[in-house]
Amino acid sequence: MELGTGFSFVERQKRIILDGKDFYLDLLFYHRKLKRLIAIELKLGEFKPSHKGQMELYLKWLDKYDKQEGENSPIGLILCAGKSNEQIELLEMHKDGIMVAEYWTELPSKKELEQKLHSLLIEAKARLEIRKELEA
């Protein structure tokens with residue numbers, strides 16, 4: 001329910017075996033409307049570029065071995081305690097079906113939350129302007 005409608009829980013600590021080595025995907029869901037698996041990796045610290053490679057490996061494995069007929073390719077979500085928007089933008093994670101989001105271990109004060117939302121809005125507007133200039 002907290003993820004939204006259409007999500008179904010598939011597995012926790014999904015075991016993936018590659019070249020005789022075990023890897024474990026934190027959470028695996030299925031989205032009914034999107035008709036695809038949703039892989040979720042939980043990270044305790046800040047986002048690192050190596051997280052992208054790990055998620056790409058999991059998504060390619062799921063696409064090859066776990067995807068059912070009629071389903072779309074899986075997508076991934078990396079949840080981190082912090083992230084660098086510049087790193088994520090340069091890595092072009094969205095092109096690989098990978099998104100990164102921050103989580104909070106405790107709710108910030110109302111003032112801090114308002115400041116964070118305001119700065120994110122300004123950042124998003126600036127990115128849109130840059131894209132418009134590049135497309136022109």
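Tutor: Helices (H or I, at least four residues) and strands (E, at least two) are DSSP runs, numbered from the N terminus. Val10, for instance, lies in strand S1. You are looking at a predicted model, in which local features need pLDDT of at least 70, side-chain atom pairs count only at pLDDT 80 or more, and totals for chains, interfaces and linings use all residues. Residues are numbered from 1 along each chain as its sequence is written, and side-chain values use heavy atoms, with hydrogens and water left out.

Student: How many helices and strands does the protein have?

Tutor: Three helices and five strands. Going along the sequence, the pattern reads β-β-β-α-β-α-β-α. The C-alpha trace spans about 45 × 40 × 30 Å along its principal axes.

Student: In what order do the strands form the sheet?

Tutor: Pairing comes first: two strands pair if DSSP finds at least two bridges between them. Here the five strands make an open sheet, ordered S1-S2-S3-S4-S5, with mixed pairing. Strand S1 (7–18) and strand S5 (98–102) each have a single partner strand, so one side of each edge strand is left without a neighbour in the sheet. On average, neighbouring strands are turned by 30° against each other, direction ignored; the axes behind this angle are lines fitted to C-alpha atoms, for helices over the stretch in contact, and angles run from 0 to 180 degrees between N-to-C directions.

Student: Which strand pairs are antiparallel or parallel?

Tutor: S1 and strand S2 (residues 21–31) pair in the antiparallel sense over ten bridges. S2 and strand S3 (residues 36–42) also run antiparallel, joined by five bridges. Strand S4 (residues 75–80) and S5 run parallel, again with five bridges.

Student: Where do the hairpins show a positive phi?

Tutor: The hairpin of S1 and S2 has two residues between the strands, and Asp19 in its turn has a positive phi of about 50°. Four residues separate the strands in the hairpin of S2 and S3, where Lys35 takes a positive phi near 55°.

Student: Is Lys14 buried or exposed?

Tutor: The scale goes like this: buried means under 20% relative accessible area, exposed over 50%, partly exposed in between (1.4 Å probe, protein chains only). Lys14, found in strand S1, counts as buried because its relative accessibility is 11%. Val10 has a relative accessible area of 40%, which means that Val10 is partly exposed. Lys35, at 45%, is partly exposed, and Glu92, at 35%, is partly exposed. Over the protein, buried residues make up 24% of the 136 residues.

Student: Which residues does His51 touch?

Tutor: His51 sits in helix H1 (residues 49–66) and is buried, with a relative accessible area of 10%. Beyond four places in sequence, His51 touches Lys43, Glu46, Ile78 and Cys80. For the protein, 49% of the contacts with a separation of 6 or more are between residues 24 or more positions apart.

Student: Which residues lie nearest the centre of the largest pocket?

Tutor: On a 1 Å grid over the protein atoms alone, a pocket is an open set of points where a 1.4 Å probe fits, with protein on both sides within 12 Å along at least five of seven lines; lining residues have an atom within 4 Å of a point. The largest pocket has 19 lining residues, with Asn85, Ile88, Glu89, Arg127 and Arg131 nearest its centre. Helix H2 (85–91), S5 and helix H3 (110–135) are the elements giving two or more residues to the lining, and H3 gives the most, with six. The space in this pocket is about 530 Å³.

Technical notes:
Points joined across faces, edges and corners; volume = space filled by probe spheres on them. Contact = heavy atoms within 4.5 Å.
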